[in-house]
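Subject: Structure handover

Hello,

Here is the structure I said I would pass on. My notes come after it.

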Amino acid sequence: MNPTVIAGLSATILLLPILGSALCGFLGVPLGRRFVNWVGTVSIGLAFAAVLVLLALLLHAPQGHQSSTVVLWNWLSLGAGSNLGVSVNVTVDALSVWMLLVITGVGFLIHVYSVGYMEHDPGVARFFSYMNFFIFAMALLVLAANMVILIIGWAGVALASYLLIGFWHDRRSAAVAARKAMITQVIGDVALVLAAFLIFVNLGTAPYCPPGAHCPAAAGGAQHLHTLNLPQIFAHASSLGPNSPTLTIICILIAIGAFAKSAQFPLHTWLPDAMEGPTPVSALIHAATMVTAGVYLIARFHPLFDLAPVAAGMVASVGMGTSIMAGFIALSQTDIKRVIAYSTMSQIGLMIFAVGIGAYAAGLYHLMIHAFFKALLFLAAGNVIHTMHDEQDIRQMGGLQARMRITAWSFLVGSLALGGFLFGGMFSKEDLLGFGTVNGPAAPALYIVGVAVNVLTGLYAFRLYGVTFTGEPRSDLARHAHEARRVMLIPVVILAALAAVAGWVLQWPVTIAGFRPAFVDAFLNPVFHTAVSGPIAHEPGAGLAGIGFVIGTGLSVIGIAVALRIWVRRDLDAPAWFRGPILGWLPRLSFHKLYIDELYDALLVRPGYALARVLRRTVEPEVMDGWVRGVTGVATDFSAGIRSVQTGLIRDYASIMVFFAVAFTVALIIAAGLVH
Amino acid sequence: MSMIAGLPLATATPGGGDLVGLLPEVIVAVGFVALMLMDLVVPPSRRSWLAGATAAVLAGAFAMSVWGWFDAGPAGRTVYFGAVAYDRLSAFVNCVVLVSSLVTVMISPGYLNRRGLHHGEYYALLLAATVGMMLLDAATSLMVIFLAIELLSISLYILSGFARDEERSQEAAIKYLLLGSFASAFMLFGMALVYGETGHTQLAQIALAMSHPGPLDPLLVGGVILMFVGFAFKVSAAPFHFWTPDVYQGAPVAVTTFMSVATKVAAFAVLIRVFDDAFASYYAHWSSVVIAVAIISMVVGNLAALTQTSVKRMLAYSGIAQAGYILIGVAVGVAVPLGVQGALYYLAAYAVTNIGAFAVVTVMSGHGEDLDSYDHLRGLWFRRPYVAAALGFFLLSLGGFPVTAGFFGKFLVFAAAIAAHNVALAIWGIGTSAVSIFYYLRVALLMFQRREEGEEQPYAWPRTSLLGGGAVAATAAGTLILGTAVPLLLTVVQLAQAGTLPGAT
Amino acid sequence: MLSDYAPILVFLGVCVLFGAGVPLLSSLLGPRRPSAEKDLPYESGIVPVESARRRFSVSFYVTAMLFIVFDVESIFLFPWATIVRQLRVFGVVEMGIFILVLLLGLVYIWAKGALTWE
């Protein structure tokens, strides 16, 4: 691949959204809504076109040349031999292009949808400015080939998320949710920055020396690399040795960063609250792209995780644990967006599980499919909310199928794809779980949990569909619902088509035995099967994969069937046997989100406030203020002293000057004489 | 007669090649004389034409300096028998000085009109001072250095007293004149000692003479230190800074804008040329004094600024502290090239930031007295949001916040100090800049303070003119660019450093 | 090296001794009988009639400056005249520019009215 072309295209992908953001932000208000709508969407559309060109180049690149790292700009270099340089390097390979396809492709559809969704909002210029900025930051994040740049992108998406969750900043709940999201993100940012420090300090060039062997080069001590360029980091990942505690710590820190971004336990509580943002934001940031950045991060750092099995195992366990927890909570939520949010959390848990067991391609496969159907579900839900005048409680809905047919059918496609029957999720989810049968800590323990998640997924997906769209309308708003505008329908329909066919196309020809997505594997695996990477996941045998597929899909269908039996055209309460004393605690636990928010409140927030109160009432005035006042007092006294010399009289100034000039000269002459 | 004729006489005369080396300076010098004469024919109501002509002269000189950067090449050369350098350092500093001058010309007409000071001499004197600065940064001979310093100083003495019916302005002028002459005497004495001990006035030969191994010469050390005292006065480094607050406050603020930046830049350029190159072999002897002056400047400047209540005085003390930071780069510049690069970067960053800050004060100074008291800034944000935002940005840059020019200036000089194994110096710098945040942010926050109900507006801010607003916007953009596009300028200063002393072999 | 300057140091010492010693001697030995006339400032025998801090017209200053400028010009002209043959055309042009600049300065202050005595 020609480096100049690659550099040009990557720069285009980065510059178009940031330019769009600047134009909308600075000129949006004076130039008006039409300008903003056009600039905001076209910039992303053009970026998507550039990504498609990159994809074409990548597909035609000869074997072994499918990854290209180019330097866009040497941002800071302090001369030869200095390690303080930072350059904007980008890596274009199957992984980054895969992510870019989702970011700009789905992003473009959601931008188009936003034109309709935000048509009455006075802050539309601000909205598109933030959205374009998000696309920029996200593209920077996935293109970055240097950890500094990656962290800039990483923090940039968190900023965009903060701004957009709090987009309606005059709502208290939105402001609080934005703050919560930001604080959680910062925990992850700090972890990632610490990981970068550790990598910078520890990673060396000494070759990996197997235990017991005689390695003279290693005995001399590692030559420290002091670099944050990802290709170099990966090339020397093995220098720390296998099962190195340092590498494990680095990987755990990276994983914490990923957990914060991807809303994994225990850093997951911000995501449901983030639904305070406008629905297109939820679709773009909190479903399709930003929250999957954690999956990307672990996949990108796979050479490190491959060498740190303990950390990888932790990642897999946390992912699967989050997945079943979120699926359970989703069962009883009543806010349409929150149900989808918990389902997102659950699905991302599966992806995190996949990258944790080394099934990177499978995880990324599900990432893309999930982006399609989850964006679809959110946008369809957005249509519902739009027509319901911002009512989000599903208990007020019902019977919308007859009133908004296209939206309802699209939602049904999305629910099937999510539930794992016929469409999208059926392929990617089962592929991913198939790897769980033979990989991961204590396999197939996590796989068994995974198929249980399938049941839950089918249940909550069709509970949501049933309660919202079938039965009788339960409020006036629902009775007067109507179909959305065309600009909001077209993206939904396109996404529904993608969710419906993507699995079939990517996996063609579909066979049950040897159930593997050949195209996805061929495209993505070269990134992960490199010379420097360690062993990655074992592929399940053809028979095992086939059995797994049948079991997984079967359980999904059971979940869907039970949901249809309970909720379609019925009322919305839990079935009778869950109201009794024996099992009654289950819905309560689910409804209260396992009491995790309450737990954090009791464990962290309240003690934090209590500590702060103690600090403010006693420590601050007596301990801190004392020395702070002391220091400022000294500084002020000193300042007054200096001012008192500043008499305003020339004779004083001149005499001080003479004194110092003479003192310096005499001192130096004497010193020189002494040396002499 | 025959005796004189028999003396060996340099009959070589300067040629076109020499003139090329001085072209930007010549342009501004001719412009100076021409503007003096234009003042006689241009009617008083049309004085802004003079500003336009001045800007044209400066722009022409700027273009010539840029051309000179490429024409002189990486090594550069000296012209007029080794008296003046034609190299990238002078081209670079010329550009900084000319831009500062240009910004001053942009903000001046409006300000001078409001204050009733719009006399034609202003522009001529500004150009004269600019010529002096340009000669100073190119000077490679003690004689030229002294002449250039006097040329710029005398013009600035007059400009400081430009508000003729204001006692403060008169006081500033006389203080500056007396103390400046005083400092010139020190410098002249130092030059005499250096000349006496080495037998040369040209820096290249002085460097050669000083690098000869032989018994150390205490008087030469004395000469070097006295010259440093002279320069330290010009860059307003403590403890030779006493004139600075009084003069900056007394002089009309447009003049302060100019002299706080351009003088310092030019004086630092010659300081780098003389000390980091010509006197490099005496590094061990002078570095301790430079380090001492750097630390005293940082401490005195920052601490004194803490308790000010006048914007101009605060910026004056801040300028003293900034001089201390730049001196860090000068002090370690012989040992590590990054020192000189950092100092040059800092100069450009300081120039664009400080001129921006003073430009805001100038643009916001109305009829009557200058905007000066902290109180005058209260609530500026609610009336002049763009100007207030710009001032806040400049103050952040002076404090050294990232994405501003000031951050990288500080970063580079501190990095140089650490690279030179002088960590203590870097810690002094970092510690004092932490102190500086306090007074910069204090002023910045004042602008966001709302007035009490029914309270009078503290100061009648004038409307921002197109030119004034343009100047503020341009300097703000410059501050942002130098804070983000680091390699741009870093490459330039690396190239500029290559030949700080052409002709020395 | 440094010892070359020893005579200067001796000379400096003698100066200080003499300068400080004579007034000291005079105050030690001389008789003191003050009177009103003796306490007056010495003004070449003329009795002072008003404050010495009197303002002079600024025109004196301007005239003196002009005098010095052209004085210096003529001082420059003398050494130039001795080598003007060797310098040839360049020397003439150079000095022409120098005189022209000074001349322009004269024109300037003339036009500004500095030469008219009010």
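This is a predicted model: local features need pLDDT of at least 70, side-chain atom pairs count only at pLDDT 80 or more; totals for chains, interfaces and linings use all residues.

Chain contacts

Two pairs of chains are in contact, and the pair sharing the most contacts is A and B. On that interface, 31 residues of chain B meet 30 residues of chain A. The elements of chain B that supply two or more residues to its side are α8 (167-198), α10 (218-234), α11 (243-250), α13 (283-306) and α21 (486-498). Sorted by class, the side of chain B that touches chain A consists of 26 nonpolar, three polar and two charged residues. Chains A and C are not joined by any contact; their closest C-alpha atoms are 10 Å apart.

Nonpolar cores

The largest nonpolar core contains 220 residues. Within this core, the residues with the most contacts are B:Leu136, B:Val265, B:Ala266, B:Leu347 and B:Val360. Helix α15 of chain B (residues 337-363) gives the largest share of this core, at 19 residues.

As for B:Leu136, which residues is it in contact with, once neighbours within four places in sequence are left aside? They are B:Ile145, B:Ala148, B:Ile149, B:Leu152, B:Ala266, B:Ala267 and B:Val270.

Chain C

Chain C has three helices and zero strands, in the order α-α-α from the N terminus. Its radius of gyration is 26 Å, whereas a compact globule of 118 residues would have one near 13 Å. The C-alpha trace of chain C spans about 70 × 55 × 20 Å along its principal axes. Of the 118 residues in chain C, 0% are buried.

C:Phe98 sits in helix α3 of that chain (residues 58-111). Why does C:Phe98 count as partly exposed? Because 14 other C-beta atoms lie within 10 Å, and a residue is buried only with 20 or more and exposed with 12 or fewer. C:Glu73 is 25 residues away from C:Phe98 along the chain, and the C-alpha atoms of the two are separated by 8.6 Å.

Regards

Key: Residues are numbered from 1 along each chain as its sequence is written. Chains are lettered from A and ligands numbered from 1 in the order in which they are written. A nonpolar core is a set of buried Ala, Val, Leu, Ile, Met, Phe, Trp, Tyr and Cys residues joined through C-beta atoms within 7 Å. Helices (H or I, at least four residues) and strands (E, at least two) are DSSP runs, numbered from the N terminus. Two residues are in contact if their C-beta atoms, placed from the backbone, lie within 7 Å. Ala, Val, Leu, Ile, Met, Phe, Trp, Tyr, Cys and Pro count as nonpolar, Asp, Glu, Lys and Arg as charged, and the others, Gly among them, as polar. The radius of gyration is taken over C-alpha atoms; the globule rule is 2.2 Å times the number of residues to the power 0.38.
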